[in-house]
Amino acid sequence: MKVLLKALGGIVVFTLAFSCIAQAADRPLRTTWAWPTYIDPAVGSDNSSTNALGNMYDTLVVPDKTGAPQPHLATSWNVSKDGKAWTFKLRRDVKFHNGDPLTSSDVKFSMDRMLTIGEGFAHLFSGKVDAVEAPDTSTVIFKLKDPFGPFLSTLFRLYVVNQKQVMANVITPGPYGDKGDFGKKWLVSHTAASGPYKLKEFKVEERLVMSLNTDYWQTLDPLVPDEYTMLGTTEAITVRTLMSRGELEVADRWQSNESLNALSRIKGVGLAKINGPGQFYAMIHTKKPPTDDIHFRKAMAYAMDYDTVTTHLFPGTTQAKGPIPRMMPGFDDSVFQYRRDLDKARAELEKSRYYSALDKNPVVIHWIAEVPDEEKVALLFMSNMAEIGINVDVVKVPWMSVVEETAAMDTSPHIVTIFDEAHYPEAAALLQSRYASPSANTWEQNEWLLDSTYDTMLEEALKTMDRESRFKQYAELQHYIVEQCPTLFMFDVMSRHAYRSDIMDWPAARGEVPPVQGYELLGRYIKIRK
């Protein structure tokens, strides 16, 4: 980040610049986020990226507050009897921000591009979507290799891009044959979108500013924000300075307990507690010694003090029970839950092939620098493991470095602490992104499970069109994962935000939010009263 955050002068300079942006808007919504943010729909997948994409791009369907798919770009759809062909009819009145009409060819292009690039949310569709057809301008057909039960909900992540605009900005030669770089360099800092907000300014290392699309095809409430700024910092001093000056409406979810308490004392500021569709995990590398040993992993799971985490470090949260949060459709309550038991921890450790050489096999845990309270968990973990003879090195790592290091098996550490949420409202969303082999080289899976048995079980579940039968298979998968113990399941997510409750009507603060990552702060649902 080029902004000087530590020196007082740096903060003053930054907040003054931020004020200049805000003065141009009648109803600004200014928020802070962990950075970086990726605004290419074929690349972005983390929390800030999905928020940016959801504000600027449109999808075929959107979730209601229960997570059920509702028409958006698509007005209707049907599925073939064999579950392998989905046909969508599109609105005819949608235009991209540059004025081009949105057609079925753009939908086809968006899916093809995502699958070819193979990043972002591609793992949701890779190996499942066989072909996409656009027989006319308002009809798009997805041909699947096999039935895919939650397919409709996964389309929450197909952000439709303007084919003509992207291809006009392709650089050749490139890694994608006759498609060159497929517009990747251009889409780092530009959009080809049709959504309710337009890209106004993007300083890639600092902030993203979006302005309201006054020509948007859907009628929006007159009190929605007319300008939306995502500020790339979680620095507590900066956040408090901005909030106290009236230059910030919503603080990021990564503020520490101490920071939140200070923020809540500012006049007009309230505290929102939002149950989210995810968990806080300690992801354990299952292919790197000594955590490649299941008994070693189980020893750590029994030694962890979960009660201290949920009572003192993240008060108000509930210890997780397996890999799926309780609010997620498909969660199985009968799955085994590890509790702190040092006798069992020592018994498991004695079964490990590393037991006789613990001093030579320290465990390295990386916590994310932008989330200060994660350090407390990492230090507690180190203390807990010392009680059974495991040495732990605690390392502070910036988020961008975590993304980079978890992309390869040899650079992934023994453990990374992470918040992760579902990309669509079924247990399979996390069962896919967290443990399936296609997502092994992403930030969502430091475990490197690479388990063919698990992959086969998951694929069979996803092919099941009947929801009840599919959920039974999800339950089996949850039991299978817990038995492998690739993760310390810390707690179900409850994000806490300091926000301007005196001027904001924020549905998520009332508990009205879909169980899908990235929907709690979409500008189209928020009202600003000043």
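Strands are DSSP runs of at least two residues, numbered from the N terminus. In this predicted model, strand β15 covers residues 487-500 and includes Arg-500. Arg-500 has a relative accessibility of 13% and counts as buried, because the cut-off for burial is under 20%. Beyond its sequence neighbours within four places, Arg-500 contacts Met-243, Gly-246, Leu-248, Glu-249, Gly-268 and Val-269. The C-alpha atom of Arg-500 is also 9.9 Å from that of Ala-272, although 228 residues of chain separate the two. The side chain of Arg-500 makes a polar contact of 2.9 Å with the side chain of Asp-502.

Four strands form an open sheet in the order β4-β5-β7-β6, with antiparallel pairing. Strands β4 (74-79) and β6 (129-136) are the edges, each pairing on one side only. From one strand to the next, the twist averages 20°. Within the sheet, β5 (residues 85-90) and β7 (residues 139-144) run antiparallel and are joined by five bridges. Thr-87 has Ile-141 of β7 as its bridge partner. Helix α3 (residues 104-117) packs on this sheet and touches β5, β6 and β7. The direction of α3 makes about 160° with that of β6.

Aromatic pairs number 27 across the whole structure. One of them joins Phe-109 and Phe-182 edge-to-face, with 5.6 Å between centres and 70° between planes. Phe-109 belongs to helix α3, whereas Phe-182 lies in the loop between α6 (163-167) and β8 (197-203). The pair thus links distant parts of the chain, 73 residues apart.

Phe-419 and Phe-491 form another edge-to-face pair, at 5.9 Å centre to centre and 65° between the planes. This pair also links distant parts of the chain: Phe-419 sits in strand β14 (residues 415-421) and Phe-491 in strand β15, 72 residues apart. Phe-419 is buried at 14% relative accessible area. Phe-491 counts as buried at 1%.

Ring pairs also build a cluster from Trp-77, Trp-86, Phe-88, Phe-142, Phe-148 and Phe-151. The charged end of Lys-128 sits over the Phe-148 ring, 5.5 Å from its centre. A further charge-over-ring arrangement involves Arg-434, whose charged end sits over the ring of Tyr-281 at 4.1 Å from the ring centre.

Key: Residues are numbered from 1 along each chain as its sequence is written. This is a predicted model: local features need pLDDT of at least 70, side-chain atom pairs count only at pLDDT 80 or more; totals for chains, interfaces and linings use all residues. Side-chain values use heavy atoms; hydrogens and water are left out. Buried means under 20% relative accessible area, exposed over 50%, partly exposed in between (1.4 Å probe, protein chains only). Contact means heavy atoms within 4.5 Å. A polar contact is a pair of N or O atoms within 3.5 Å; within protein, one must be able to donate a hydrogen and the other to accept it, and residues adjacent in sequence count only if both atoms are side-chain atoms. Two strands pair if DSSP finds at least two bridges between them. Axes are lines fitted to C-alpha atoms, for helices over the stretch in contact, and angles run from 0 to 180 degrees between N-to-C directions. Rings of Phe, Tyr and Trp (its six-membered ring) pair if their centres lie within 6.5 Å; planes under 30 degrees apart count as stacked, over 60 as edge-to-face and the rest as tilted. A charge sits over a ring if NZ of Lys or CZ of Arg is within 6 Å of the ring centre and within 35 degrees of the ring normal.
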